[in-house]
Amino acid sequence: MKELTPESEVCLALGYFDSMHLGHRRIIEEMRGFAAEHGLESCVATFSNNAYKLFNREEKAVYTYAERCALLDGLCDHVLPIKFDKRLKDTPAEQFLDGVFSEYGIKAVVCGYDHLFGAGAKGDAELLRAYCAAHGVPCKIIDKFELDGTRVSTTLVKELLAAGNIAEANKFLGTPFFATGKVVHGRGAGRMFDIPTANLKIPTDKLLPASGVYGVQCIVGDRTYNGAANIGARPTFGLTKTETEVMIDGFSDNIYDESITLKFIKYIRPVKRFDTPALLSKQVHEDIKWSGK
């Protein structure tokens, strides 16, 4: 992705793009099309931190800023990171636009019909349209996006993930939900199962699916393996802390301290207590073969 400079002449997609769902992707596609048609570079603005915290909400982001950048790579020329802090929270809508327009070469703007910005969320799509018109800049507002009669939204995606309904969440996201984390030392359960096991440290403001065992694709460097991820407690061993542990099929390398990505494909079963570790091991060996079922 190219570096955004004040000299860059861009068509800007304005929003949070927290979950990069199909509605967000529609906005980005429209922005890219307009940029290509008018000889501009494409740019997506997104918050570089968890904006919910400034509103005293404990919500987590579907995708972290780094994960969003990974998704946007190849979808646009530039990413405009915006840190949402108290100063920005209290900045009036027009003043916010003044700052963005004065710092960068904004030659066109695209946003969703329900986009809100500025202090008190008083800036909306119509205010943006009027501001752009006053500055001689084209502004395109994208209507709501529905799939099978359902409006696609980040709230919907979060509800589906919270229910463990990964298949439906993936449908509205357009691509499999994923989480990237660093491999840390765990309790060595993999040796017991005779299956390579990785414990992941996930950013604290990252949303994860409901507790359960999921069929995942593990991306390690440029290689992809099937596996089963356990999100939640370890009741067979009397461990109640929620953790992310993945059992990887056909893998043997040492990857401690490396970052890997899990793509969640299928819900397999709930987390449950087994009477013996041997019974758990037998089940885990079945879990990692989820793709053949």
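Predicted model: local features only at pLDDT ≥ 70, side-chain atom pairs only at ≥ 80, totals over all residues.

**Stop 1: the parallel sheet**

Show the cartoon and colour five strands, in the order S3-S2-S1-S4-S5. Together they form an open sheet, and the pairing is parallel. Which strands stand at the edges? Select 78-82 for strand S3 and 139-142 for strand S5. Each of these has a single partner strand, so one side of each is left without a neighbour in the sheet.

**Stop 2: S1 against S2**

Select residues 9-14 for strand S1 and residues 41-47 for strand S2. The two pair in the parallel sense, over four bridges. Val-10 is opposite Glu-41 in S2. Further along, Ala-13 is opposite Val-44 in S2.

Is S2 enclosed or open to the outside? Six of its seven residues are buried, so S2 is largely enclosed by the rest of the structure.

**Stop 3: Cys-43**

Stay on S2 and pick Cys-43, which lies in this strand. Buried or exposed? Cys-43 has 0% relative accessibility and counts as buried, because the cut-off for buried is under 20%. Leaving out residues up to four places away in sequence, Cys-43 touches Leu-4, Val-10, Cys-11, Leu-12, Ala-13, Met-31, His-78, Val-79 and Leu-80.

Now draw a distance from Cys-43 to Lys-107. They are 64 residues apart along the chain, and their C-alpha atoms are separated by 11 Å.

**Stop 4: H4 and H5**

Select residues 93-103 for helix H4 and residues 125-134 for helix H5. Their axes come within 11 Å and cross at roughly 50 degrees. That makes H4 oblique to H5. The crossing of the two is right-handed.

Next, show the side chains where they meet. From H4, pick Ala-93, Glu-94, Leu-97, Asp-98 and Phe-101. From H5, pick Leu-127, Leu-128, Tyr-131 and Cys-132. By class, this contact of H4 with H5 has seven nonpolar, no polar and two charged residues.

**Stop 5: H6 and its cover**

Move to residues 154-162, helix H6. Which of its residues are buried? They are Thr-154, Leu-156, Val-157, Lys-158, Leu-160 and Leu-161. Then check the residue Gly-164, which follows H6. The phi of Gly-164 is positive, near 75 degrees.

**Stop 6: H6 against H7**

Keep H6 on screen and bring H7 forward. Their axes are 8 Å apart, and the helices pack at an angle of about 160 degrees. That makes H6 roughly antiparallel to H7. The crossing here is left-handed.

The H6 side of the contact is Leu-156, Val-157, Leu-160 and Leu-161. The H7 side is Ile-166, Glu-168, Ala-169, Phe-172 and Leu-173. Sorted by class, the residues in the contact of H6 with H7 are eight nonpolar, no polar and one charged.

**Stop 7: the antiparallel strands**

Select residues 178-184 for strand S8 and residues 259-269 for strand S13. They pair in the antiparallel sense over five bridges. Pick Gly-181: its bridge partner in S13 is Ile-260.

**Stop 8: Gly-212**

Last, select residues 212-220, strand S10, and pick Gly-212 within it. Gly-212 is buried, with a relative accessible area of 0%. Who surrounds it? Apart from residues up to four places away in sequence, Gly-212 touches Ala-229, Asn-230, Ile-231, Tyr-267, Arg-269, Pro-270 and Val-271.

Finish with one more distance, from Gly-212 to Gln-95. The two are 117 residues apart along the chain, and 46 Å separates their C-alpha atoms.

Note on methods:
Residues numbered from 1 in each chain as written. Heavy atoms only, no water. Pairing = 2+ DSSP bridges. Axes fitted to C-alpha atoms, helices over the stretch in contact; angles between N-to-C directions. Parallel < 35°, antiparallel > 145°, perpendicular 65-115°, else oblique. Left-handed = near helix turned anticlockwise from the far one by under 90°. Contact = heavy atoms within 4.5 Å. Nonpolar A, V, L, I, M, F, W, Y, C, P; charged D, E, K, R; others polar. Buried < 20%, exposed > 50% of the residue type's maximum accessible area, 1.4 Å probe, protein only.
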